[in-house]
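I opened the model to look up its pocket, its strand pairings and its surface. My entries are below.

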Amino acid sequence: SFMNFWSTRLEIEFTPVGVHDFYEPRVDLRSYYRYPGVAVDAYLSTDSRKKLYARLMLDAGTNSSPYNQNSYNVSVEPTYRVNDKLKLAWEFRYAGKNNDIGYVDRTEAEDSVYFGMRQMRTVENTIEASYIFTSRSYLSFRLRHYWSKADYQDKYYILQEDGYLEPTDNFAGVEDINFNTFNIDMSYVWRFAPGSEMSFVWKNSIYSFSDQLPADFIDNLNLTF
């Protein structure tokens, strides 16, 4: 049956002490202190031998920072095997970071590094199809739309030498970010001899980057195209 789970996995990751991130400040020998936290990762998959099966992935995390931070990620991937030749799959992913804090700017002399608080949201849709003509030739199709936005909360900080943050009003702020990428990849592969193959590939892509935050998913698509 559809609920006959093929595999499951549950992982809990605990970071009992904080760590110093030397990448986020973008300045040599400077670090950003990340607080202790805990994360839960769960995975479920139905029986992939069935014509219709699905994978579900969930993860969530939080930490002990004073900024009330948490994150989550949900991914659903149903797959339908129409017959021995045709297979269709759709993957949907939604991720969020609440009160995420990260690098936004630095002075030219690199003596001051500024961080900002933002709400992060990411939506990703991927449609895949494959068709096997013979044992030596097949067609594959992949369409992917990735949408990510950062809504800054007008809360900015200056990085201290010890890696902690101090609120500041001496920073003008940054604009919100709305990023989209829309890709299509289609290829036909023909193995015409042992160890030899020929590929015919068609690709197309659209990218958009702006400081306008759309009201919803449809509004965002209109802005992208």
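The entries that follow start with conventions and go on to the pocket, the strands and a surface patch.

**Conventions.** I am working from a predicted model, in which local features need pLDDT of at least 70, side-chain atom pairs count only at pLDDT 80 or more, and totals for chains, interfaces and linings use all residues. Residues are numbered from 1 along each chain as its sequence is written, and side-chain values use heavy atoms, with hydrogens and water left out.

I looked up the largest pocket and noted a volume of about 700 Å³. A pocket here is an open set of points on a 1 Å grid over the protein atoms alone, where a 1.4 Å probe fits, with protein on both sides within 12 Å along at least five of seven lines. The volume is the space filled by probe spheres set on the points, which are joined across faces, edges and corners.

I then listed the lining (residues with an atom within 4 Å of a point). It holds 30 residues, and Arg34, Asn63, Ser71, Lys97 and Asp100 lie nearest the pocket centre. Elements that give two or more residues to this lining include strand 1 (5–15), strand 4 (37–46), strand 6 (70–81), strand 7 (86–106) and strand 8 (113–134). Strands are DSSP runs of E, at least two residues long, numbered from the N terminus. The largest share, six residues, comes from strand 7. By class I have 11 nonpolar, 12 polar and seven charged residues in the lining, with Asp, Glu, Lys and Arg as charged, Ala, Val, Leu, Ile, Met, Phe, Trp, Tyr, Cys and Pro as nonpolar, and the others, Gly among them, as polar.

**Strands.** I followed the pairing on both sides of strand 7 (two strands pair if DSSP finds at least two bridges between them). Strand 6 and strand 7 run antiparallel with 10 bridges, and a hairpin of four residues joins them. Arg81 has Lys87 as its bridge partner.

Strand 7 is also antiparallel to strand 8, with 18 bridges. Six residues lie between strands 7 and 8 in their hairpin, and Glu110 in the turn has a positive phi of about 60°.

Strand 8 goes on to pair antiparallel with strand 9 (residues 137–159) over 19 bridges. This hairpin has two residues between its strands, and I noted Arg144 as the partner of Thr126.

**Surface.** Last, I looked up a nonpolar patch on the surface: Leu10, Ile12, Phe14, Val38 and Val40. Strand 1 gives the most to the patch, three residues, while Val38 is in strand 4.

Note on methods. Patch = residues over 30% accessible without salt bridge, like charges linked within 9 Å, V, L, I, M, F, W, Y side chains within 5 Å. Areas by Shrake-Rupley, 256 points an atom, 1.4 Å probe, with all protein chains shown as cover. Salt bridge = Lys/Arg side-chain N within 4 Å of Asp/Glu carboxyl O.
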